[in-house]
Amino acid sequence: MARLRPIQQSLPMQLLRAREASMAHFRPMLRTHNLTEQQWRVIRVLANVEQMDTGELAEQTFLLGPSLTRMVQTLERDGLVNRQTDPKDLRRTLLSLSSAGRTRYEAVSPDSEALYEEIESAFGHAKLSQLYKLLSELNDALNLTEQEETRAYARSK
């Protein structure tokens with residue numbers, strides 16, 4: 001039987017711990033704005049584009065399609081998101097922030113930035129910048145490996 005590394009050196013476990021530690025700061029703030037963390041991810045992504053289709057939004061927010069569909073229904077019911085069918089491709093649904101959604105984004109953003117400043121103060125600007133850089137490099141390296149494995153698998157068929 002293979003001997004596994006200690007749990008403290010499990011990359012997925014350490015990333016989950018770091019995510020939970022950081023989200024513990026953001027969840028209470030989001031609750032004061034009547035948002036879940038997933039709703040905030042959707043609003044935050046949509047705030048940076050004119051509109052986006054649901055597939056791309058699911059990819060950028062790391063939400064599964066059925067969860068995103070339910071969430072969009074709620075956000076649309078609450079007047080924060082507009083949904084329309086793409087006139088060029090009736091199979092595609094396009095989403096955008098409504099004016100109320102933009103107002104909510106602008107209300108939450110200063111509170112979110114204040115939390116980032118607290119995290120940076122506790123962890124250090126240089127270390128946080130280095131962490132962002134390392135995580136980006138890790139994502140690039142793992143995505144490249146995944147693409148290479150997919151191509152190798154396809155060639156073997």
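Before you select anything, one definition: a residue is buried under 20% relative accessible area, exposed over 50%, and partly exposed in between (1.4 Å probe, protein chains only). The model on your screen is predicted, so local features need pLDDT of at least 70 and side-chain atom pairs count only at pLDDT 80 or more, while totals for chains, interfaces and linings use all residues. Residues are numbered from 1 along each chain as its sequence is written, and side-chain values use heavy atoms, with hydrogens and water left out.

**Stop 1: the whole chain**

Start with a cartoon view. You will find 6 helices and 3 strands; helices (H or I, at least four residues) and strands (E, at least two) are DSSP runs, numbered from the N terminus. Along the sequence they follow the pattern α-α-β-α-α-β-β-α-α.

Now zoom out. Taken along the principal axes, the C-alpha atoms fill a box of roughly 55 × 50 × 30 Å. The radius of gyration is 19 Å, whereas a compact globule of 157 residues would have one near 15 Å. That radius is taken over C-alpha atoms, and the globule rule is 2.2 Å times the number of residues to the power 0.38.

Buried residues make up 25% of the 157. Among contacts (heavy atoms within 4.5 Å) with a separation of 6 or more, 49% are between residues 24 or more positions apart.

**Stop 2: the sheet**

The 3 strands form an open, antiparallel sheet in the order β1-β3-β2. Its edge strands are β1 and β2, each pairing on one side only. Two strands count as paired if DSSP finds at least two bridges between them.

Met52 has Leu95 as its bridge partner in β3, and Asp53 has Leu94. A hairpin of 2 residues connects β2 to β3.

**Stop 3**

Most residues other than glycine have a negative phi. Which value does Asn34 have for phi? Select Asn34 and you will find a positive phi, near 55°. Asn34 sits in the loop between α1 (11–32) and α2 (37–46). With a relative accessible area of 64%, Asn34 is exposed.

Move on to Phe62, in the loop between α3 (54–61) and α4 (65–77). Phe62 also has a positive phi, about 55°, although it is not a glycine. Is Phe62 buried or exposed? Its relative accessibility is 73%, so Phe62 counts as exposed.

**Stop 4: the charges**

Finally, colour the charged side chains: there are 21 positive and 21 negative ones. Lys and Arg count as positive and Asp and Glu as negative, with His and the chain ends not counted. The centres of the two sets lie 7 Å apart, each charge being placed at NZ of Lys, CZ of Arg, CG of Asp or CD of Glu.
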